[in-house]
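Student: I'm new to this one. Can we go through it together, a bit at a time?

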Amino acid sequence: MAASGPPTLRQRRLGTELRKLRERAGLSSTAGAARIGVQQARMSMMEAGRHGVSDDRVRTLALAYSCDDNDLVEALAAMTGRRSRGWWDEYRELLPPSLVEVAEFEADATEMRVGVVVTMPGLVQTLNHARAAFQQSVPALRPHEIEHRVSFRIKRQAILFGARPLPYTAIVHEAALRIRAGSPDVMREQLLHLNEMGEHDNIRILVVPFEQVHFPASGQPISYASGHVPQLDTVLLDSDHGCEFLDAEAQLHRYRSVLDRMEACALTPQKSRDYIRRVAKDL
């Protein structure tokens with residue numbers, strides 16, 4: 001059955017992984033379709049996330065492709081079924097599609113690690129800091145657009161709390177601590193909040209000071225979300241042009257390595273808290 005509306009991030013990723021399984025088996029789209037008795041057009045729709053795929057279909061495809069990685073197959077089977085609504089769906093008419101998909105990306109993660117140089121990580125921002133940051137957007141956003149983005153960002157933070165809080169590591173360069181978004185009071189509030197967040201068992205805040213000379217600089221925020229199996233890890237790159245989701249093995253390896261190097265440059269959590277307090281006192 002064809003999916004109603006554009007495919008979600010999860011549906012697209014499921015289709016991508018099914019295509020990868022077929023390609024590893026050395027089969028063309030036509031040959032893969034013949035293996036399970038469907039038309040090539042339907043196979044293409046499934047691999048694009050535009051046609052519903054059941055858990056039984058995933059297992060049938062895995063068998064046809066001689067895939068014996070049971071953990072991967074079951075993780076893919078768990079991604080099937082009818083599209084389930086998330087709280088972020090209420091924002092689909094209010095925000096750019098790729099921005100809305102950030103919440104879906106985070107909701108599917110089992111662990112997250114982010115690295116930022118000039119911006120504060122969204123999941124640990126205060127309301128006032130988020131609003132000040134959006135007020136500095138180029139081109140300028142209208143007041144109601146700012147408020148939609150602020151409320152969306154604050155709602156995303158719920159994944160860090162609750163019954164199953166997401167393990168979260170934020171590697172923050174000192175530049176992000178010092179670049180002003182709003183008044184000194186807003187920045188001071190943000191820095192103190194950052195330290196408070198780091199007190200939670202599931203959250204690590206790691207600061208990279210200016211004097212660190214081996215830091216692998218990256219101007220765009222990097223978010224690495226671990227999946228239920230390593231093959232389902234995803235990288236999110238956030239830029240002025242929008243959000244880009246990456247899942248190729250080479251890309252995952254690259255950004256894991258970048259974040260590993262960033263973390264190696266960072267202070268310990270306790271030293272990071274002390275450093276943040278000193279920066280806050282300078283305001």
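Student: Which residues have the most contacts inside the largest nonpolar core?

Tutor: First, this is a predicted model: local features need pLDDT of at least 70 and side-chain atom pairs count only at pLDDT 80 or more, while totals for chains, interfaces and linings use all residues. Residues are numbered from 1 along each chain as its sequence is written, and side-chain values use heavy atoms, with hydrogens and water left out. A nonpolar core is a set of buried Ala, Val, Leu, Ile, Met, Phe, Trp, Tyr and Cys residues joined through side-chain atoms within 4.5 Å, where buried means under 20% relative accessible area, exposed over 50% and partly exposed in between (1.4 Å probe, protein chains only). The largest one here has 31 residues, and those with the most contacts inside it are Met112, Leu160, Tyr168 and Leu177.

Student: Which element gives the most to this core?

Tutor: Helices (H or I, at least four residues) and strands (E, at least two) are DSSP runs, numbered from the N terminus. Among the elements that give two or more residues are helix H6 (97-107), strand E1 (111-116), strand E2 (168-173) and helix H12 (269-282). The top giver, with 4 residues, is H12.

Student: What is Leu177 in contact with, leaving aside its neighbours within four places in sequence?

Tutor: Contact means heavy atoms within 4.5 Å. With those neighbours set aside, the partners of Leu177 are Met120, Val172, Met187, Leu191, Leu194, Val207, Ile276 and Val279.

Student: Is Thr169 buried or exposed?

Tutor: Thr169 sits in strand E2. Beyond its neighbours within four places in sequence, Thr169 is in contact with Met112, Arg113, Val114, Arg204 and Leu206. Its relative accessible area is 8%, so Thr169 is buried.

Student: And Thr30, buried or exposed?

Tutor: Look for Thr30 in helix H2 (residues 29-36). Its relative accessible area is 51%, so Thr30 is exposed.

Student: How much space lies in the largest pocket?

Tutor: On a 1 Å grid over the protein atoms alone, a pocket is an open set of points where a 1.4 Å probe fits, with protein on both sides within 12 Å along at least five of seven lines; lining residues have an atom within 4 Å of a point. Of the 44 lining residues here, the closest to the centre are Thr119, Phe134, Arg153, Asp238 and Asp240. By class, that lining has 24 nonpolar, 13 polar and 7 charged residues. The space in the largest pocket comes to about 1,300 Å³.

Student: Which element supplies the largest share of the lining of the second largest pocket?

Tutor: That pocket has a volume of about 430 Å³. Its lining has 20 residues, with Arg13, Met79, Asp108, Leu232 and Thr234 the closest to its centre. Helix H1 (9-24), H6 and E4 each supply at least two residues. The largest share, 5 residues, comes from H1.

Student: How far apart are the end C-alpha atoms of H1?

Tutor: The expected span of a helix is 1.5 Å times one less than its number of residues. H1 has 16 residues, so it should span 22 Å, and this agrees with its end C-alpha atoms, which are 22 Å apart.

Student: What covers the buried residues of helix H5?

Tutor: In H5 (residues 70-77), Leu72, Val73, Ala75, Leu76 and Ala77 are buried. What covers them includes H1 and helix H4 (55-64).

How values were computed. Points joined across faces, edges and corners; volume = space filled by probe spheres on them. Nonpolar A, V, L, I, M, F, W, Y, C, P; charged D, E, K, R; others polar.
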